Amino acid sequence: MNNLKHLLYNYLVSVGVTENTAKYINMIALALALCLFVLIIDFIIKKILIQVFSRFASKTKTNFDDLLVSNKVPRNIAHVIPFLIMIKFMPVVLYDFPDTENFVEKGLEVFAILLSLWIVRSVLNALKDYLKTLHRFKDKPIDSYIQVFMIFAWVFGIFSAIAIISGIAFINFITGLGAASAVIILIFKDTILGFVASIQVSINNMVHIGDWITFEKYGADGDVIEINLATVKVQNWDKTITTIPTYALISDSFKNWRGMINSDGRRIKRSLNIKFDSIKYLSKSEVDALKKIHLISAYLERRQSDIETYNTNNNINKELALNGRNLTNIGVFRKYIQTYLEQHSAINKDMMIMVRQLAPTTQGIPLEIYAFSSDKRWENYEYIMADIFDHLIAAVPYFSLEIFELPTGSSFASKDIK
């Protein structure tokens, strides 16, 4: 080793080169030789490790080793041995330059920290990709946890590097940062908020990857495709991507449609507005005419018989339709809608089916349909709902009812104008 330190130096001095010049030439020559040797060793080890990992990965059933290769874990590990060689022989190269040796050694120690972080990051990325292939972890915010760990690792690495460069003991350096903690917290405010939000989102089971969420404040309406430390990415139905701050999930209100997806049906909740002046009592002849409607014929027979029996037993004067008990066209229509929904093949019969009358408005009396379609897929759901209301809108005139709509210019035009 001692002969290697002055391998070229002794020869140069013997041929008449000054000692100072010989030292520099000797150092440069050894540095070039060391760099060339390290590069060759690095290339060979990298090739060997990649081939070994690749062959091993092709023979195993798990895909974790494949992910290690794709995330460059063998490539990063291959740098370790050349780096150790560099540390071992650098004192030889800089034997005559102790000040420079001290500076280079600090630089190599800092590089050792960076290399360790690269290896840790590549392993964690491989672990993240592997966990995402497992069913029980598919909807978990793995990215957030990896990012949090790497943030702490990078902070620790940066502080260690600064401590090495400054020559201050790491413990003393960390202690001195206590006074600057407020500034550090301010700088990493969003990161801290995102970290806390990620934990709360995960623990409280608020959002999973793949959930359909609606977040009106941020214009998001679609599937969650990524949850990380700082943001949640939502792919909207028009294929655009909306980015939402992670902490907004716990500070603002949003709608998660997971409950509907996991349920047995998708809710239909829509109204028909009936005009006030089209509502009336039904005469006997009108009831008889409505008995031709198959869905409610048995109902009308039973109800008409009950009403006539009640009015007769109580001596009700039926010269006025208002007296006694009567059927109304809107009541019969409501029963028709209920029966129609109960027999509709696309409606889930095990979930609530209800037709209710809402409070009167300036636009008529709303008859609301409240039911659940068996098919939850968006396209099919819209088709089912449209099919139901196509039928009901067309059925309204059969009950001598009218749907309210705002008047247009043609509504005021006189039919007598020639």
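Predicted model: local features only at pLDDT ≥ 70, side-chain atom pairs only at ≥ 80, totals over all residues.
User: What makes up the protein in terms of helices and strands?

Analyst: The protein has 17 helices and eight strands. Of its 418 residues, 34% count as buried. Among contacts with a separation of 6 or more, 64% join residues 24 or more positions apart.

User: Why is α6 called roughly antiparallel to α7?

Analyst: The axes of α6 (residues 80-93) and α7 (residues 98-133) cross at roughly 170° and come within 11 Å. An angle over 145 degrees counts as roughly antiparallel, so α6 is roughly antiparallel to α7. On the α6 side the contact is made by Val-80, Phe-83, Met-86, Ile-87, Met-90 and Pro-91. On the α7 side the residues are Glu-101, Val-104, Glu-105, Leu-108, Phe-111, Ala-112, Leu-115 and Ile-119.

User: How do the residues of the contact of α6 with α7 divide by class, and what puts a residue in the charged class?

Analyst: Twelve are nonpolar, none is polar and two are charged. Asp, Glu, Lys and Arg count as charged, and the contact includes Glu-101 and Glu-105 of α7.

User: Why is the pair α15 and α16 described with another word, oblique?

Analyst: Helix α15 (residues 294-313) and helix α16 (residues 329-342) pack at about 125°, with their axes 9 Å apart. The roughly perpendicular range is 65 to 115 degrees, and roughly antiparallel begins over 145. The angle of about 125° falls between those ranges, so α15 is oblique to α16. The crossing of α15 and α16 is right-handed.

User: Which residues of α15 and α16 meet?

Analyst: Leu-295, Ile-296, Tyr-299 and Leu-300 in α15 meet Val-332, Lys-335, Tyr-336, Thr-339 and Tyr-340 in α16. By class, this contact has seven nonpolar, one polar and one charged residues.

User: What makes α16 roughly antiparallel to α17?

Analyst: The angle between α16 and α17 (residues 378-395) is about 150°, and their axes are 12 Å apart. The cut-off is over 145 degrees, which means that α16 is roughly antiparallel to α17. Their crossing is right-handed. Phe-333, Tyr-336, Ile-337, Tyr-340 and Leu-341 of α16 contact α17 through its Asp-387, Ile-388, His-391, Leu-392 and Ala-395.

User: How do you know whether Lys-291 is buried or exposed?

Analyst: Lys-291 has 19% relative accessibility. Buried means under 20%, so Lys-291 counts as buried. Lys-291 lies in the loop between α14 (284-290) and α15. Not counting residues up to four places away in sequence, Lys-291 touches Ser-297, Leu-300, Glu-301 and Gln-304.

User: Why does Asn-348 count as buried?

Analyst: The relative accessible area of Asn-348 is 11%, and the limit for buried is under 20%; therefore Asn-348 is buried. Asn-348 sits in the loop between α16 and β7 (354-357). Beyond its neighbours within four places in sequence, Asn-348 contacts Asp-264, Gly-265, Ile-353, Phe-372, Ser-373 and Ser-374.

User: What makes Tyr-24 partly exposed?

Analyst: Tyr-24, in helix α3 (residues 19-59), has 41% relative accessibility. Buried is under 20% and exposed is over 50%. The value lies in between, so Tyr-24 counts as partly exposed.

User: How many residues separate Tyr-24 and Phe-97 along the chain, and what is the distance between their C-alpha atoms?

Analyst: Tyr-24 and Phe-97 are 73 residues apart along the chain, and their C-alpha atoms are separated by 9.1 Å.

Terms used
Residues numbered from 1 in each chain as written. Heavy atoms only, no water. Axes fitted to C-alpha atoms, helices over the stretch in contact; angles between N-to-C directions. Helix = DSSP H or I, 4+ residues; strand = E, 2+ residues; numbered from the N terminus. Parallel < 35°, antiparallel > 145°, perpendicular 65-115°, else oblique. Left-handed = near helix turned anticlockwise from the far one by under 90°. Contact = heavy atoms within 4.5 Å. Buried < 20%, exposed > 50% of the residue type's maximum accessible area, 1.4 Å probe, protein only.
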